[in-house]
Structures are given as C-alpha cells and as structure tokens.
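My entries follow in the order I made them.

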Amino acid sequence: MISYEHIHPDFRHIMGLSDKERIQFMDQPRWISYRTAQQILDTLQGLMHKPQRPRMPNLLIVGDPNNGKTTVVRRFRDLCGQGYVDENADPVKPVILAESPPSADEKGLYISILERFFTPYRASDSTAKLRYQVVHLLRLCHTKILIIDEFHSLLTGSAIKQREVMNALKLLCNELAIPIVGVGSREAVRVLHTDPQHASRFDVITLPIWELNQDFQKLLAGFEKILPLKKASRLHQPELATLLHIISEGNTGNLHRLLVECASEAIKSGDEQIDKSIIESKSWLRPTRGIREVVV
C-alpha cells in the first residue's frame, strides 16, 4: 500500500479518486500558511481585541493584484468572524468583510456593508437613514472590526466624493470605537492622502511579492503537500524553485495557477510529478501587461 508521504495527511484520501476528480480537487480554495500572511493575521487579531478608546487604530493592507490580500482577510474572517447567537439570544457578527463600492460613494459604501448583514434595506433611502441603519446593525451585532476590500476603488470619483467616503469611515470608527481595515492595491495609499487626518489614523502593511529565497522554497513545499500527485516533485529544490519563480514573477496567485496547471498536466500525462519540462511547457502563463492568450 502506497503511503504518499509527500502529501499532507488530511488530503491523502484524495489519491483514491479518479484523475478527473483529483484535478477538480485542485480548483477548490485551500489555505496555505506562510510567514507574512501569519503576521498579518496576528496583526488583525490584535486589532480585533484592542480595548475601545476615542481614537481606534486602523490598518491598510496593500499589495500587487492577485498576490493574496483578499485570501488573507477571508482567512481571518473564517477563523475569527463566524457569526453566532450569544447566551442572550443576540446575533453576533465579530468581523464584517465588505467590498468597496466601484467608485467613491458614501451611500454605496453603506449599501455594501448592509449586504453583509443579509438585512432588508431600501437603496432609495437617504444617505443619513442608511448610515443610521449601518451604525445600528454594527452595534447590535457586536462587530469588533470592519474590513473594506478593494479599497483602491475609492480613488474613482471626485476629490469631494473621496473625502465624503473617508469621513464616513472616520465617523463609523469614532461612533462605534472599532478598527477599520482597508485592503487594496498599492494605489490605495493615495486614498489616505485626501486628508492628513486620515493618513494619521492608518498604519500601512505591504504584502510583497516573493523573493527567491528560503521562504519561497517553504511556500513551494507547502503547495506540494496539497497537490494530489502520486510521486513527489520536490518543488523546493533550487532548479525547480528558480524556474517557478521566474515564470510566476513571485506573485502568489500566479504561482498557484501555474502549479495547478502543471499538476493537472502531470496527472493527464501519467507522469504524476512536476518536472522541469512540464514547468517550461507552461511558460505561456508568465504575466504580461496586455491580454494573455491561452494556448490550446
């Protein structure tokens, strides 16, 4: 009986599935821990448990597109933000993860937050009424931290609209005494410069692209443990690690797609391991500034 020591024990049962099912398994979202992501998770947990005070600390998480920012905050929500009913039969939603409206719009911000409560509301209501409903629900559900994803979208719109949205966030922070976390591309930092008061309220953490170092090799070793291949590929070895880094350009999302494509090819071909030739055959996945044409 094959033990599949190179695969994490939680996923070894997947090896009993068909080739098609193993390929489908790789398309399912799955968390792989690494040092920088854990540091961000620890920072978010620290913010969540800060004692209330008049000026709560806020955070902005920035990084390149497709580099794992949203994955990290969703992991935080899954770990710390699951809703429940407390001993007083009151609803509790410790973490609200909303998405920024497509442009700087105060009413759009409130509607996005209300969507996370799955509560009835009228988009035709005044901004003031929607604001009251948001404040009421956040307080009623004992929310401890509010996260706004796609924070850079607030750059779309006039300077007046941008200031209105940032003032709305400041009001929520002050009124509820909870931290607010923004998540977005590097350009999101410019949103804070609409007013020096906003910049002084936010610390900024950058989720960088990967350098070709030991941490990147550890990430590859972690990835290999969830790839349902019958043979060990030893992706962390210098030759393969270097090639994977060159093609993915150190971007987490690009690396994930590259490895899934390589593993799928290894299953279809019957090789059951990722080698140099398979990785090189997927070089068309290299990120480009324009449209990436798929080779079929």
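**Entry 1: cavities**

I searched the whole structure and found four cavities of 30 Å³ or more. This is a predicted model, so I kept to its limits: local features need pLDDT of at least 70, side-chain atom pairs count only at pLDDT 80 or more, and totals for chains, interfaces and linings use all residues. Residues are numbered from 1 along each chain as its sequence is written, and side-chain values use heavy atoms, with hydrogens and water left out.

I noted how the spaces are defined. On a 1 Å grid over the protein atoms alone, a cavity is a set of points where a 1.4 Å probe fits but cannot get out. A pocket is an open set with protein on both sides within 12 Å along at least five of seven lines. Lining residues have an atom within 4 Å of a point. Points are joined across faces, edges and corners, and a volume is the space filled by probe spheres set on them.

The largest cavity has a volume of about 80 Å³. I listed its lining: M26, Q28, R30, I32, F223, I226, L227, H256 and V260. By class, that lining has six nonpolar, two polar and one charged residue. Here Ala, Val, Leu, Ile, Met, Phe, Trp, Tyr, Cys and Pro count as nonpolar, Asp, Glu, Lys and Arg as charged, and the others, Gly among them, as polar.

**Entry 2: M26**

I took M26 next, one of the residues lining the largest cavity. M26 lies in helix α1 (residues 19-26). Helices (H or I, at least four residues) and strands (E, at least two) are DSSP runs, numbered from the N terminus. M26 is buried, at 4% relative accessible area. Buried means under 20%, exposed over 50%, partly exposed in between (1.4 Å probe, protein chains only).

Leaving aside neighbours within four places in sequence, I found M26 in contact (heavy atoms within 4.5 Å) with L227, P228, H256, V260, A263, S264 and I267. M26 and S264 are 238 residues apart in sequence, yet their C-alpha atoms are 8.5 Å apart.

The largest pocket holds about 730 Å³ of space. It has 30 lining residues, and R30, G68, T70, T71 and V72 are the closest to its centre. I see α3 (69-80) giving the largest share of this lining, seven residues. The elements that each supply at least two residues are α3, β6 (180-184), α9 (214-224) and α11. The lining of the largest pocket divides into nine nonpolar, 13 polar and eight charged residues.

The second largest pocket has a volume of about 440 Å³. I counted 23 lining residues, with S33, Y34, R35, W210 and L219 nearest its centre. Its largest share, four residues, comes from α9. The second largest pocket's lining has 10 nonpolar, seven polar and six charged residues.

**Entry 3: cores**

Which residues touch the most other members of the largest nonpolar core? I found L44, F76, V181 and I274, out of 54 residues. The largest share of this core, eight residues, comes from α11. Apart from it lies another core of 37 residues, among them M56, V62, F151 and L176. A nonpolar core is a set of buried Ala, Val, Leu, Ile, Met, Phe, Trp, Tyr and Cys residues joined through side-chain atoms within 4.5 Å.

I279 lies in helix α12. I read it as buried, with a relative accessible area of 0%. Beyond four places in sequence, I279 is in contact with L240, L243, L244, I247, C262 and I274. The C-alpha atoms of I279 and V181 are separated by 37 Å.

**Entry 4: two polar contacts**

Y110 lies in helix α4 (residues 106-115). Its relative accessible area is 0%, so I put it down as buried. The side chains of Y110 and R131 make a polar contact of 3.1 Å. A polar contact is a pair of N or O atoms within 3.5 Å; within protein, one must be able to donate a hydrogen and the other to accept it, and residues adjacent in sequence count only if both atoms are side-chain atoms.

E272 lies in the loop between α11 (252-269) and α12 (276-281). At 6% relative accessibility, E272 counts as buried. Its side chain makes a polar contact of 2.9 Å with the side chain of R22.
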